[in-house]
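Biologist: Hi! Could you walk me through this one? I'd like to start with how two of the chains meet.

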Amino acid sequence: MADQRFRLPEGGRIDRSKPIRFRFNGRAFEGYAGDTLASALLANGVGVVGRSFKLRRPRGIVGAGAEEPNAIFDIGRGSAARPNQRATQAELYEGLVARSTKGWPSPGFDVGAINDRLSRLLGAGFYYKTFMRPKSFWRLYERFIRASAGFGRVPAGPDPDRYEHVNAHCDVLVAGGGPAGLMAALAAARAGARVVLADDQSEFGGRLLAAAETIDHRPAADWVTATVEELAGHADVRLLPRSTVFGYFDHNFLGIAERCNDHLPASARSGPRERLWRIRAREVVLAQGAFERPLVFCNNDRPGVMLASAVSTYVRRYGVCPGSRAVVFTNNDSAYQTAIDLRKAGATVVLVDSRAGGARLAADAASEVGIPILQGHVVSDVDGTDHVTVAHIAQWDGDPGKTVTSTISIDCDLVAVSGGWSPAVHLHSQSGGRNAWDEREHCFVPGEPAQASIAAGSGNGKWSLAECLEDGLTAGREAAQRAGFDAGHVTVPAAGDTFCGGTEPLWRVPAAQEPERCPKQFVDFQNDTSVADIRLAVREGYLNVEHVKRYTALGFGTDQGKLGNINGMAILAECRDEPIPAVGTTTFRPAYTPVSFGVGAGANVGELFDPVRKTAIHEAHEAAGAPMEVVGQWHRPWYFPRSAEDLHAAVARECRAVRNSVGVMDASTLGKIDARGPDVVEFLERIYTHDVGKMAVGRCAYGILLGEDGMLMDDGVMARVGEQRFYLTTTTGGAAAVLAWLEKWLQTEWPGLEVYLTSLTDHYSTIAVAGPDSRKVLENIGCSIDLGRDAFPFMTVREAELGGVAVQLFRVSFSGELAFEINVASQHARAMWDTVMKAGSEFGITPYGTETMHVLRAEKGFVIVGQETDGSVTPVDLGMNWLLSKNKDFLGKRSLARADCRREDRKQLVGLLSVDGQTVLPEGAQLVSDPGAGIPVPMCGHVTSSYMSACLGHPIALALVEGGRGRRDETLHCMLRDGTAVPVRVAAPVFYDPKGERQNA
Amino acid sequence: MPERGSARVVTDAGFVNLRGNAEDAEFMHRAARVLDQPLPAEPNTISIAGHRVYWLGPDEWLIRCAAGQAAGVVAALEDALAGLHVAVNDVSGGNVAIDLAGAAVRDLLARGSTLDFHPRAFRPGDCAQTGLAKAGVLVGQLTDAPTFELVVRRSFADYVLRWLRHSGSGLGIEFA
Amino acid sequence: MKKYSAFSLVRNALSHNTKWPQAWRKPKPRRRYDALVVGGGGHGLATAYYLAKEHGMRNIAVLEKGWIGGGNTGRNTTIVRSNYLWTEAALLYEKSMQLWEGLSQELNYNVMFSQRGVYNLGHTLQDMRDIERRVGANRLNGIDAEVVGPEEIKKAIPLINTSDDARYPILGASLQRRGGVARHDAVAWGFARAADRLGVDIIEQCEVTGIRREGNKVTGVETSRGTIEAPRVGVVVAGNAGVLAGMAGLRLPVESHPLQAFVSEPLKPVLDTVVMSGAVHGYISQSDKGELVIGAGIDAYLGYGQRGSFPTIEHTMEAILELFPALSRVRMLRLWGGIVDVCPDACPIIGKTDIDGLYFNCGWGTGGFKATPGSGWVFAHTIARDAPHELNAPFSLERFVTGALIDEHGAAAVAH
Amino acid sequence: MLLIDCPWCGARAESEFSYGGEAGIVRPADPDALSDAEWADYLFFRKNPRGVHEELWNHAQGCRRWFGVERDTVTYRIARSFVLADGPAGEGG
């Protein structure tokens, strides 16, 4: 039946020479280029497009834009599908496939429709009052609730599309490309300002694309074409169609979501699917127009009841006449145009105007084309389930309290309604601006701007075309001037008359009985919120507008109340017997219309989600087949497996190599800072805990930094490379934080100190050569200095040439073995690594990774910040008192004197040996002294590090234990996941070479 | 977009980081003399002559020279500035330079940086440190063409290049 | 027929729902009460309820400057769990968990507490050490907790990306099966209704503008609706604790930051549990209505604006896509912000102050909702007995002087 | 996203900066002379005002300078940025 039988023979902006085939709920249809999915469905007479959320009543298309509550579809196939798309905003393309998101087995026949019969049981908030017993059943009830909830489906499979961000700056951003927006953009552009004009439709013009009015005595659409052409000619004007300004954030930062290729057939799509424009605008002109309000009468949700303005749009822009026997029901003048449009399209029309007076000008025009007008009448109810069939009309004297009895019934297949207009104040509200109630026009209009913005056009409560053009011009001019440009020369074109205004409040159409007893009068279609629901909320004491919204779900649909909110607030005001402004509006929040996560994330997904930092030697590690450990943003080689080795085998081998011959590791990720200046010693004395001043030039020292709270923050070796010059190293994870911390103290607290800090983290790569044979390896390479233990003793630093390359050579050891750390400029690092490997081959030099490094340092009892510490550990807890100078103050020192830091039973660093000599304790496992104790079982510590020590032949562990240093040889119990307790003996934290002789070799 | 552009990693770039007191005329004078070009005192500008000297902060500059020159520049500066409170560091190993050319580069940079690269806002001789996607970068405009130099920390270079390729693909940017 | 039940629904349906009584009265403030609770959020209403129920104090009132549940109660992502690291925190949150488990029946109001489980993901070796440590501590404290591997995670959450090529591969997770979510508004309304039925006056649109004292003793408060006398005043006003403390001449170790959250459009069920990742900063669950409820990170700067920065939202979307790439096509419907009062150790302050009869309950940071019943329960005890319960004794202001902080940054992260 | 005026680099996006907390907190000259309570006050207690706040920001991705900003914590409006003078913040230009 793809016959487009509701398509008019002529007219509209569609191209009848370009038929387009599409499928809806499995059936084939045809539309034309220029159609939206909604206009094409209406052309084909599709009435029921979905079901309501709760009561599952059949629903049809109501609007023609962002306000549409019912036509919510899944569009597209497979992984390219898009959930919850609005048919009124989806442009038709060849091969489009759409499915309703509500209604099972089909929107036409929905088993859920039973809910409508039970609607009295399902009033607002009913779920708060039941499903409570038996307690255990809630999850069962909930499963059914969840199954019946929701609209679209998350597409399966990876997203084939990409998304991107663009940052843009402009003098004037114009949100909305209707008459006011176009005028504003024109004025700003001619003034020479950088302008961005964004509109959510496929072409600019807004309501002018369906307007009956003329501009400069020509069809309004011609003026649009000419204006857009001129704008496109300005170098500094950026035109963004299909682009929704969805968020107005602080300091005039706005978000625009551009739909780049959703309107194209899958085959024709290229480039990003959506683009996020992150705009910083000097001035913003808000010209998003206004939303027409539905009228709230019995069964006003029946398919065939539509917004009058939407009907006009379908007739004039899309050449579709949604009905042949129409009733137009209004409380203002604008719908008279709709009546005339319908009449001219060949429909029979009856105009029902709730106002006793009605409209003069518009009425004459309507009568002229033979439209009967019933003034002082209302449509109180309609018949029809899947489509409206009869409108029941009653006389009404304007008293909202009264009930009425219908005296006239008219057969019809379309009821076009207009309850007046509400400016789209969303962005103004998002920007922090308040909204003011306009007593004359009966709507909220933007109040004082909170940021640099100006509202214009119908979004500012101006209805007639002439006013909108004028208002837009003024706004554009003022915006440009405030941005520093002389207003360009623009005059307002002559606009024909518009039927508009004259709204007389009709928030709730009186019916034969009060709302609780008459058929449902819907306020929010998508969430099935009715007048009775709002009255129930008030009756139960949910008086505040926020309570009412949350209790009845009013405005919580995907249309976010664009249709229902104002009617709902007015009805609430009536119930509370207060003026509407006293009830107040709710704050509008982003997004104006929904924004995909994809476009929000842009390119920052997958490998680009977060930078992977790599050392200059990274490729060598990859070539060696080393699995990587994620350490902050870095990828570091974890271990270097040979053939079929697993982690443990490889680590055992690597450890033995370092202890018995020589190993090499890439320590380049350590933070490195050059600190120098006349006051550098004084500065470092305040930062580090040891006596920095006592270090001789050429000496290295292990240093720690504390936070002011006394907790260990970072550690590393520092070298005094000159009288006034130090070379500081930090942990991998702490590098950036430590530099920032030092700079903050220098700049904010001690700006008098003459010290410069320069990061060398990336400049120097660090190659640690460790093991008894390490000296021989360096000698093999050829070193410019004497590497002998007396000439170059432990914990000293030298500048040298190694294999002809300048290096900083450190005689430090994190393994406890004789070791050298080669700091070489990173552009030479890879070559140096290869040189070391070659020179070490005769000693079987073995590259090792982070895991082996951890084992070796644990055997020596060296801590890892972030593993042995967690922000609650002091140096005293770690047994580092020897590092705490008595001769000076340093950051965090005072905190160590606080009562809690002086406790004897604080957790202290100890070694642990499993009594059975076999079990490798799980890292992180808790320790207890009495596993039999009742819950809560007192815990006395936890395992921080634990490994099988290949060199010692048994497992070792480090732990933090309450009063641990005083519990040497005590037996504790390590609790495993399965509840079993492993006996462990408290030992000293140094397991290997306690005297430290090997590193001095 | 019709404009096209190109991106190329510079393989022979040298870098020297200089800290010193811009308020101290003596320092500025000596530095200018030994470099044979002034240190830019105007924030976010480049002094382009024998070398490119980037303003990094009120007391910090980055001297971009040829790889082979870095050691010499360091020695010359330390010698010329002896006795003053300064810090001179060869950071050639720490930075990677990427040449960007073509009008499309402005669009490319706008995809990752919140700076305004409009010709009116960012001109030849201008530079800025900013964020490009999730990495900190130094970007300077060298000529009207336009050509830009992008300086990134070595450990972030791989990420930045991946990002440039990804974001440049739609803009017709060619990678050497 | 005051009691809610399926039966009451039917009966009221017969009378066209015109006979439902007010859920809570709208009383005028009296001149004098035995105790005042300042703040009509979940914590304040719970405090009042337990004061009346557990301690027999019926002549009390809750003062709310706006509408009840209008602050963080109605703005959070409703995650409930008790898997905290340190015993002090764990026992407090576990008390709350136990109250949650019977709350709908206790209040005769369905707060839709749904124990669908909470996964805290680990992405690094250190994450996994911390998870092992926390889970171990939880079990010894009698709190259900498990460590699960990627396969189990994938089985429970088919949508999640557990592949190794993720930027931050998932190495495992802690799982608390008893954790879950609840309906935030219902918690405020349920406590209000139950407290009201015990005689508590709930007074909305009543802003406290000053705290009256004689010497070192509280005598009442000044409000936008006049002076109200009371010998005991409990203040529990998330987002404004500092402001109220100022009125009493007190200072708090608390800073107020913006915290944002957002929901997607309603979708058919895709996520049956709660997933949190501190490492990538993503927190997500799916509501019964079908919306994905997602918590964003905290903004670094101070903010009372109930607004945050958009890049924070962008980053959260990136994080969600790192965990659930398929959600790129899902759309954000609505985004909002709240004000969180953050303590240096990410733990609350619940106890007495230097002023007799003045009590503070604040500093819940990003994790207050889950504690609602427990917080009210211990705070009620503290006010009624003029002494903290052993569960909240460690959460005194004193700890910032002695240094006995309870550092939950690990477990709390940006805890929702 | 806030627009923050760096005294050296001009107006830049918030994402280039890092926040440093309340400005003008002076480290006690002689911490040992303080009681635990006085030390705690310096360590943990902040003004946290609802309204105008003098705070520290660092142009982390830019010139790496720390400077002061006077910002309203309710409207987020920034009244001024200032260079930190020697000594307590807030007195600078």
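**Where chain D meets chain C**

Modeller: Happy to! Between chain D and chain C, 12 residue pairs are in polar contact, with both residues at pLDDT 80 or more. Keep in mind that this is a predicted model.

Biologist: Which elements give two or more residues to the side of chain D that touches chain C?

Modeller: Those are α1 (36-44) and β4 (52-58) of chain D. The largest share comes from α1(D), with 5 residues.

Biologist: And what classes of residue are on that side of chain D?

Modeller: By class, there are 11 nonpolar, 4 polar and 7 charged residues.

Biologist: OK, charges. How many salt bridges are there between chain D and chain C?

Modeller: The count is 1 salt bridge. In it, the side chain of D:D41 meets that of C:R251, at 2.9 Å from N to O.

Biologist: How many residues does each chain bring to the contact?

Modeller: Chain D brings 22 residues and chain C brings 27 residues. Together the two chains bury about 2100 Å², and 56% of that is on carbon and sulfur atoms.

Biologist: Changing topic: how many residues does the largest nonpolar core have?

Modeller: That core has 153 residues, and A:L37, A:F73 and A:L342 have the most contacts inside it. Its largest share, 8 residues, comes from helix α7 (residues 184-197) of chain C.

Biologist: What lies apart from that core?

Modeller: Another core, of 60 residues. Among them are A:Y688 and A:M695 from chain A, plus C:V233 and C:F360 from chain C.

Biologist: Thanks, that helps!

Technical notes
Residues are numbered from 1 along each chain as its sequence is written. Chains are lettered from A and ligands numbered from 1 in the order in which they are written. This is a predicted model: local features need pLDDT of at least 70, side-chain atom pairs count only at pLDDT 80 or more; totals for chains, interfaces and linings use all residues. Side-chain values use heavy atoms; hydrogens and water are left out. Contact means heavy atoms within 4.5 Å. Buried area is the accessible area (1.4 Å probe) that two parts lose on being put together, summed over both. A salt bridge is a side-chain nitrogen of Lys or Arg within 4 Å of a carboxyl oxygen of Asp or Glu. A polar contact is a pair of N or O atoms within 3.5 Å; within protein, one must be able to donate a hydrogen and the other to accept it, and residues adjacent in sequence count only if both atoms are side-chain atoms. Helices (H or I, at least four residues) and strands (E, at least two) are DSSP runs, numbered from the N terminus. Ala, Val, Leu, Ile, Met, Phe, Trp, Tyr, Cys and Pro count as nonpolar, Asp, Glu, Lys and Arg as charged, and the others, Gly among them, as polar. A nonpolar core is a set of buried Ala, Val, Leu, Ile, Met, Phe, Trp, Tyr and Cys residues joined through side-chain atoms within 4.5 Å. Buried means under 20% relative accessible area, exposed over 50%, partly exposed in between (1.4 Å probe, protein chains only).
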